[in-house]
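I wrote each entry as I looked it up.

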Amino acid sequence: MSVTYHIDPGGMIKGRLRVPGDKSISHRSIMLASIAEGVTRISGFLEGEDAIATLNAFRALGVRVEGPEGGNVTVHGVGLRGLRRPGAALDCGNAGTAMRLLAGLLAGQSFDCELTGDESLRARPMKRIADPLNRMGALIETAEGGRPPLRVHGGRRLAGIDYAMPMASAQVKSALLLAGLYAEGKTCVTEPAPTRDHTERMLKAFGCEVEKNQRTVCVRGGPTLRASAIEVPADISSAAFFMVAAAIAPGSDLTLEHVGTNPTRTGVIDILRLMGANLELVNERTAGGEPVADIRVRGSRLRGIAVPPELVPLAIDEFPAVFIAAANAEGTTVVTGAQELRVKESDRIQTMADGLRALGARAEPTLDGMRVTGGSYHGGQVASRGDHRVAMAFAVAGLRATTAVTVTDCVNVATSFPGFVELAGTAGLKIRAN
Ligand code: S3P
């Protein structure tokens, strides 16, 4: 199936809307609820293909899961040792989080298991989890070049390790912590810079002790996780497209409701504010152990900035949207220290630079980032290369192009943002899909 977006320029972004549930938290909710004792009720679950891939994987592992229905999911936990050997390879689809976290969790089981995914996922690096997990005593085989599919062998005795991650990756950290639940002794992971801490927070909510000391986080093997209600907030990574849309379209006034504002995820708010965006957090509160707020964004003049490197891991999924903000800002925006963008659902440095250039915008890719100089740009055809966030970023870019923008290969938007076109249309984007 192929989906193409057509965006006519102009218009304002207005109203109040709630984007779908947080993808990172949705994945983790199924995983931890499955290995907990008791019944967990999840609300606000992301009914996107990535999170559904995780849900189906746990069904295949013998867990009874009801839903999703209107964002509600009920998971009948089987306990730490209750998963069963699946009848076939587990298909993680487009979801790196599903594959990497599952690899950690499956490393400690008594059975063998294979993990596979779509063409994009099968091109992504897995040695970053296989190497440290194997150091714990796991046996995980990758295909050529350290790529999926992964063969995770069961019946291994795992021992805790002290691991200093070479890259700032919440997926690697989480994979090791999940394996650590099955390891003898203590497993500690040190990160070079703070990354999203949803795994740690949720483990605590399930009654598991998590030690945190500056950049090091540790768990001990053999805890009992107890079922706990989970309320998934709206995904700030999905909200980011609307933040940028409202910021770049003069006259816009948009409120995004119940957005997760965990400080390990709010880099995009800081970056847009540094660029001069008018963003206001209102009604700040806590829901299910995670901070949430409504975010009001009004159109404003943006200026180019050098993005502070410490904000990069805190906004890692938002760079497609940030590059579009940069193309609409006065002056040059420079992003450095973002080499991880090259191994996302696509090489996001190249895909975004190519797309911006196709519209006549000024973008120079570098090894670890990009320089984007703002100004006017025309319409034309952009290839999203099957990357959901690239597709949505260029849909937003269409607001300010001088002629219509077409974005190809948008089917994967359904992995993280089901209903994007409809919601964007309601907010004022002149978008249609066919
Ligand atoms: C995620 C971590 C990040 C992010 C991804 C989701 C997670 O990946 O890009 O979309 O849920 O842990 P890395 O760990 O590769 O940085």
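The entries below begin with the ligand and then turn to the backbone.

**Entry on the model.** I noted before anything else that I am looking at a predicted model.

I asked where the ligand sits, and I found that the ligand sits in the largest pocket. The elements that give two or more residues to the shell around the ligand are, as I wrote them down, helix H1 (23-34), helix H3 (96-106) and helix H5 (170-180). I then turned to the domains, and I saw that domain 1 (5-21 + 233-433) and domain 2 (23-231) each supply at least three residues to this shell.

**Entry on the residues of the shell.** Going through the chain, I listed Ser24, Arg28, Thr97, Arg100, Ala168, Ser169, Ala170, Gln171, Arg196, Ile316, Asp317 and Lys344 as the residues around the ligand. When I sorted the shell by residue kind, I counted three nonpolar, four polar and five charged residues.

For Ser24 I recorded a polar side-chain atom at 2.7 Å from an oxygen atom of the ligand. For Gln171 the entry is a backbone N or O atom, which lies 2.8 Å from an oxygen atom of the ligand. For Ala170 I again noted a backbone N or O atom, here at 3.0 Å from an oxygen atom of the ligand. I also looked up the ligand's area: taken alone the ligand exposes 380 Å², and the protein buries 95% of that.

**Entry on cis peptide bonds.** I found a cis peptide bond from Gly67 to Pro68, with omega near 5°, and I placed Pro68 in strand S4 (residues 64-69). Pro148 and Pro149 are also joined by a cis peptide bond, with omega about 0°, and Pro149 belongs to strand S9 (residues 147-153).

**Entry on a positive phi.** What is phi at Gln214, positive or negative? I noted a positive phi of about 50° for Gln214, although Gln214 is not a glycine. I located Gln214 in the loop between strand S14 (211-213) and strand S15 (216-220).

Note on methods: Residues are numbered from 1 along each chain as its sequence is written. This is a predicted model: local features need pLDDT of at least 70, side-chain atom pairs count only at pLDDT 80 or more; totals for chains, interfaces and linings use all residues. Side-chain values use heavy atoms; hydrogens and water are left out. A residue is near a molecule or strand if one of its heavy atoms lies within 4 Å of it. A polar contact is a pair of N or O atoms within 3.5 Å; within protein, one must be able to donate a hydrogen and the other to accept it, and residues adjacent in sequence count only if both atoms are side-chain atoms. Accessible areas come from the Shrake-Rupley method with a 1.4 Å probe; for residues, only the protein chains shown count as cover. On a 1 Å grid over the protein atoms alone, a cavity is a set of points where a 1.4 Å probe fits but cannot get out, and a pocket is an open set with protein on both sides within 12 Å along at least five of seven lines; lining residues have an atom within 4 Å of a point. A molecule sits in a cavity or pocket if more than half of its atoms lie within 2 Å of its grid points. Helices (H or I, at least four residues) and strands (E, at least two) are DSSP runs, numbered from the N terminus. Ala, Val, Leu, Ile, Met, Phe, Trp, Tyr, Cys and Pro count as nonpolar, Asp, Glu, Lys and Arg as charged, and the others, Gly among them, as polar. Domain bounds come from an automatic or database domain assignment.
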